[in-house]
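Have the model open beside you as you read.

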2 protein chains.
Amino acid sequence: MVILGVDPGSRLTGFGIVRKEGSSLIHIDNGLIKLNEKEPMTKRLVVLFREVQKIIKTFSPEILALENIFYSKNIQSTLKLGHARGSIIVAAGLLGLKIFEYTPLAVKQAITGYGGAGKEQIQKMIKTLLGLPQTAEENASDALAVAICHAHSEKINKLIP
Amino acid sequence: MVILGVDPGSRLTGFGIVRKEGSSLIHIDNGLIKLNEKEPMTKRLVVLFREVQKIIKTFSPEILALENIFYSKNIQSTLKLGHARGSIIVAAGLLGLKIFEYTPLAVKQAITGYGGAGKEQIQKMIKTLLGLPQTAEENASDALAVAICHAHSEKINKLIP
């Protein structure tokens, strides 16, 4: 099973792809989709949609995993994030992916075993878990984290008959 | 010039289409896109995307006009609205429409001449302005209002050299 994790942002969107084979997790790719904030919103959202579809067509994931959002600075930033998420969800939904959401706490617990881990700690754990040659960029690392969280939840789901 | 106004919602999205010919405004169509809240979010957003593209392909508007959002109950409802808006913006952006946003105040002023108008008053004004046989549904009426607001702004833009 191939899982695409995405960490959406209005400027930087991280993505991470892992393949689950039995009990092992194999890192396939990770990176950033960079949007030019000087471009109009419409153009940015169309670029995001196209880039996400390009990634899906390249790596054929069956699952898109995203983090839930519970905190935001203000309405405008929540709305911006909502626009980016809507664009990503539609891009994946049109290509038939199933979409799962996880709380930030569930993602942290899946990676480090507890909910109080800091950003750097998570980046290091992701590097170790997937045997990356170097630490992934922050947003890409967060995207890998939510993909791994989905892989672990699948395992748990299967353990419970 | 054909203008598509949209009033997005997570359950009911209103749309309204007007054509501007010289100084007159002609009503083309209006209606509601109804989403089933029992369906998963992904499916709803994909349906919304497809319905908006169907409307655009039917009526060939060059412009999408939307209201800005400045108030919301909470993060979850803002996020839902952001998802719907993102889906609509991408649907229109992929088909080459230009997208304009107007404040609720600008929309009210464009319809009634002042910012304190109530919902019913706006519905009645829309009916009169466009010579509708009956009052449009609330969300569809709001969608027509933002389309008219764009048509009026265009007129103002042209008056200023």
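**Helices and symmetry in a predicted model**

The crossing of α3(A) and α4(A) is left-handed, a term used when the near helix is turned anticlockwise from the far one by less than a right angle, while clockwise makes a crossing right-handed. This is a predicted model, in which local features need pLDDT of at least 70, side-chain atom pairs count only at pLDDT 80 or more, and totals for chains, interfaces and linings use all residues. Residues are numbered from 1 along each chain as its sequence is written, chains are lettered from A and ligands numbered from 1 in the order in which they are written, and side-chain values use heavy atoms, leaving out hydrogens and water.

**A helix pair inside chain A**

- Two packed helices are described by the angle between their axes and the distance between the axes.
- Helix α3 (residues 104-112) of chain A and helix α4 (residues 119-130) of chain A have axes that come within 9 Å and cross at roughly 50°.
- That angle makes α3(A) oblique to α4(A) (under 35 degrees counts as roughly parallel, over 145 as roughly antiparallel, 65 to 115 as roughly perpendicular and the rest as oblique).
- On the α3(A) side, K108(A), I111(A) and T112(A) meet I122(A), M125(A), I126(A) and L129(A) of α4(A); contact means heavy atoms within 4.5 Å.
- The residues of this contact between α3(A) and α4(A) comprise five nonpolar, one polar and one charged.

**A helix pair across the two chains**

- Helix α1 (residues 41-59) of chain A and helix α2 (residues 75-94) of chain B bring their axes within 9 Å, crossing at roughly 90°.
- α1(A) and α2(B) are therefore roughly perpendicular to each other.
- From α1(A), M41(A), T42(A), L45(A), V46(A), F49(A) and R50(A) meet G86(B), I89(B), V90(B), G93(B) and L94(B) in α2(B).
- The contact of α1(A) with α2(B) involves seven nonpolar, three polar and one charged residue.

**How the copies are related**

- Chain A superposes on chain B by a rotation of 180° with 0.0 Å of shift along its axis (RMSD 0.0 Å).
- The two copies are thus related as by a two-fold rotation axis.
- The same surface serves both copies, since 100% of the contact residues of chain A recur in chain B.
- G82(A) comes closest to the rotation axis of the residues of chain A, at 2.0 Å (C-alpha).

**Confidence**

- The model scores ipTM 0.90 and pTM 0.92.

Definitions and conventions: Axes fitted to C-alpha atoms, helices over the stretch in contact; angles between N-to-C directions. Helix = DSSP H or I, 4+ residues; strand = E, 2+ residues; numbered from the N terminus. Nonpolar A, V, L, I, M, F, W, Y, C, P; charged D, E, K, R; others polar. Least-squares fit on C-alpha atoms with pLDDT ≥ 70 in both.
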